[in-house]
Amino acid sequence: MTLPLQAKLLRVIQDGVVRRVGSETQDAVVDVRFISATNRDPQEAVNTGVLRGDLFYRLRVVPIKLPPLRKRLEDIPLLANHFLTYYWQRHRQMGDRVPKLTEASIAFLRSRPWKGNVRELQNVIEHVAVLAEPDQMIAPDDIPLYEDPIERAPEGGLPPGIMEEPFHMAKDRLITQFEKEYVGRLVNRAGGNMSKAARLANIDRTTLYRLMDKHSFQRDDAEPVS
């Protein structure tokens with residue numbers, strides 16, 4: 001939003017009135033609630049002169065900092081199923097049965113970094129809805145993702161900035177990253193079959209389930225644990 005437009009919005013917030021287009025004297029009282037969102041640091045925008053400070057502090061009444069989607073794995077099944085139903089109804093004929101995401105697909109979606117957050121997930125699921133057949137069970141291979149879900153480490157094998165962390169903290173972070181990426185790919189490779197996944201990894205299902213629970217992967221508890 002340009003600075004002149006920000007000034008006009010500030011006046012609306014402060015006075016609760018707007019001037020109709022073409023009117024020189026008459027103002028209209030408005031009773032509205034403002035909900036604003038940004039994908040950048042608003043304080044930095046104020047410091048650089050992109051955002052008016054007085055407007056920022058007027059809007060900043062109840063600030064909510066929403067974590068990125070990769071840190072809200074429990075939201076992924078809810079969002080994915082919601083988008084699948086929404087876009088299926090939008091693109092398909094009334095009465096066609098909505099496809100379903102398999103447990104393996106949910107686990108695969110949970111393993112993604114989602115750099116584009118919810119919007120990226122939304123676009124991916126819309127693609128699924130366009131290509132799927134009625135009542136189809138959506139497998140991981142049916143999900144159109146073209147980038148490698150693992151962020152490649154720079155030369156030397158360590159993520160940037162890790163050498164500035166204490167040893168044990170850096171070690172724990174690398175182990176956590178490895179476990180999460182390994183389990184996500186393992187379940188995807190096994191097509192959601194927990195017994196097969198455990199055999200491929202040469203571990204028992206109890207260990208596999210413990211790792212899936214640790215990293216918030218959804219699993220099918222109907223399969224008995226030995």
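Biologist: What pattern does the chain follow, read along the sequence?

Modeller: The order is α-β-β-α-α-α-β-α-α-β-α-α-α, which comes to 9 helices and 4 strands. Residues are numbered from 1 along each chain as its sequence is written, and side-chain values use heavy atoms, with hydrogens and water left out.

Biologist: What is the mean pLDDT of the chain?

Modeller: The mean is 83, and 88% of the residues reach 70 or more, on a scale of the predictor's confidence in each residue that runs from 0 to 100. Over residues 148–155, though, pLDDT is below 50, and that stretch has 13 contacts in the model beyond near neighbours in sequence. Where pLDDT is low, predicted coordinates should not be read in detail.

Biologist: Which residues is Glu179 in contact with, leaving aside neighbours within four places in sequence?

Modeller: Leu211, Lys214 and His215, where contact means heavy atoms within 4.5 Å. Other buried residues of α7 include Val183 and Val187, and the buried residues of this helix pack against α5, α8 and α9.

Biologist: How do you know that the span of α7 is close to the expected one?

Modeller: The expected span is 1.5 Å times one less than the number of residues. With 23 residues, α7 has an expected 33 Å, and it reaches 33 Å from its first C-alpha to its last. Just after α7, Gly191 takes a positive phi of about 65 degrees.

Biologist: What makes the phi of Asp135 stand out?

Modeller: Most residues other than glycine have a negative phi. Asp135 has a positive one, near 65 degrees, in the loop between α6 and β4. At 34% relative accessible area, Asp135 falls in between the cut-offs, so it is partly exposed.

Biologist: And Asn202, why is that one called exposed?

Modeller: Its relative accessible area is 70%, over the cut-off, so Asn202 counts as exposed. Asn202 lies in the loop between α8 and α9, and its phi is positive too, near 60 degrees.

Biologist: What about Ile64, why does that count as exposed?

Modeller: Relative accessibility is 75% there, so Ile64 is exposed. Ile64 is in the loop between α3 and α4, and its C-alpha is separated by 9.3 Å from that of Ala37, 27 residues apart along the chain.

Biologist: At what angle do α4 and α5 cross?

Modeller: Roughly 115 degrees, with the axes coming within 10 Å. The axes are lines fitted to C-alpha atoms, for helices over the stretch in contact, and angles run from 0 to 180 degrees between N-to-C directions. Ile76, Pro77, Ala80 and Asn81 of α4 make the contact with Ile106, Leu109 and Arg110 of α5.

Definitions and conventions: This is a predicted model: local features need pLDDT of at least 70, side-chain atom pairs count only at pLDDT 80 or more; totals for chains, interfaces and linings use all residues. Helices (H or I, at least four residues) and strands (E, at least two) are DSSP runs, numbered from the N terminus. Buried means under 20% relative accessible area, exposed over 50%, partly exposed in between (1.4 Å probe, protein chains only).
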